[in-house]
Amino acid sequence: MPSRLAIKLGGHLISTPRGLDLNLLKAYAEILSETFDGGRWCIIVGGGEESRRYISAARSLGLDEALCDLIAVKITRIHARILSALIGEKAYQRTPETLEEIAEYASLGKIVVAGGLQPAQSTTAVAALAAEAIGAEKLIIATDVDGVYTDDPKRNPDARLLKELTLTRLEEIVQGSSHAAGEYRLIDRLAINVLRRSRIPAIVLNGKQPENLKKAIRGEKVGSLIKPE
């Protein structure tokens, strides 16, 4: 039976201070094309360093946060369009701009690739909403760490990787994270709330190693499993 799957590709994975990571983009495209089974799949791509660069410029010009968010949304959609083009014929070659369009396009037998939808909404929250809209069996969140830790592993060397955790535990860990434009961390409150109501399990993994994404798609254990409550 064809699967229903939502995947969030962190923008910081593909958009680095050195520019777009073309090799990683190509690897993702190859994996998605290879593993796609004709089901309802939606890939949400973040903005990464490119978004932050434009947001920083906009702020320095005195532009408000709402406009900064709109700029970031546009950049995520550019990244999404690039990835859908790389995937080729197995991807729907139009970037959805609403949740309704995500659900509609996902029913057409091709991979849907989207970016942000609206200001003040992280692409992780969009991924959770997309997962709910297509009735996904799981949400895969590819980031630049091995999973969910007890603390920020980049700042605290004593942080421990959690193989499994509940949404409540995740909420405790991410409490106090910034929600300014371009600064959404691992997962935000809206994404948590959507996962809680939809009861869709999520897997957080290290997307710098594309094989991890393939393993998660195939149901192999990798990263951290966030279980519904």
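A: A helix is a DSSP run of type H or I with at least four residues, a strand is a DSSP run of type E with at least two, and both are numbered from the N terminus. The model discussed here is predicted.

Q: Where is Ala 120 found, and is it buried or exposed?

A: Ala 120 is found in the loop between strand S5 (112-114) and H6. Its phi is near 65°, again a positive value in a residue other than glycine. Ala 120 counts as exposed because its relative accessibility is 61%, and the cut-off for exposed is over 50%.

Q: How is the span of a helix to be read, taking H3 as the case?

A: A length can be predicted from the residue count and then compared with the model. Helix H3 has 13 residues (48-60), which at 1.5 Å a residue should span 18 Å. The C-alpha atoms at its ends are 19 Å apart, so the two values agree.

Q: Which residues of H3 are buried, and why do they lie on the same side?

A: An α-helix has 3.6 residues a turn, so residues three or four places apart point the same way. In H3, the buried residues are Gly 48, Ser 51, Ile 55 and Ala 58. They cover an arc of only 85° around the axis, and therefore lie on the same side of H3. The buried residues of H3 pack against helix H1 (11-14), strand S2 (15-16) and helix H4 (65-87). Just after H3, Gly 62 takes a positive phi of about 85°.

Q: Which residues does Val 126 touch, beyond those up to four places away in sequence?

A: Val 126 belongs to helix H6 (residues 123-133), and it counts as buried because its relative accessibility is 0%. It touches Ile 44, Gly 115, Gly 116, Leu 117 and Gln 121. Val 126 and Ala 191 are 65 residues apart in sequence, yet their C-alpha atoms are 7.5 Å apart in space.

Q: Which elements do the buried residues of H9 pack against?

A: The buried residues of H9 are Asn 212, Leu 213, Lys 214, Ala 216 and Ile 217. They pack against strand S1 (4-9), helix H2 (22-35), strand S4 (40-45), strand S6 (138-143) and S10. Asn 212, in helix H9 (residues 210-217), counts as buried because its relative accessibility is 9%, and the cut-off for buried is under 20%. Beyond residues up to four places away in sequence, Asn 212 touches Leu 205, Asn 206 and Val 222. Gly 219 follows H9 with a positive phi, near 90°.

Q: Which residues line the second largest pocket?

A: Rolling a probe the size of a water molecule over the atoms shows where empty space is left. The second largest pocket holds about 210 Å³ of space. Its lining consists of Lys 163, Glu 164, Ile 203, Gly 219, Glu 220, Lys 221, Val 222, Gly 223 and Leu 225. By type, these residues divide into 4 charged, 3 nonpolar and 2 polar.

Notes:
Residues numbered from 1 in each chain as written. Predicted model: local features only at pLDDT ≥ 70, side-chain atom pairs only at ≥ 80, totals over all residues. Heavy atoms only, no water. 1 Å grid on protein atoms, 1.4 Å probe; cavity = no way out; pocket = protein on both sides within 12 Å on 5 of 7 lines; lining within 4 Å. Points joined across faces, edges and corners; volume = space filled by probe spheres on them. Nonpolar A, V, L, I, M, F, W, Y, C, P; charged D, E, K, R; others polar. Expected span 1.5 Å × (residues − 1). Buried < 20%, exposed > 50% of the residue type's maximum accessible area, 1.4 Å probe, protein only. Arc of directions from axis to C-beta. Contact = heavy atoms within 4.5 Å.
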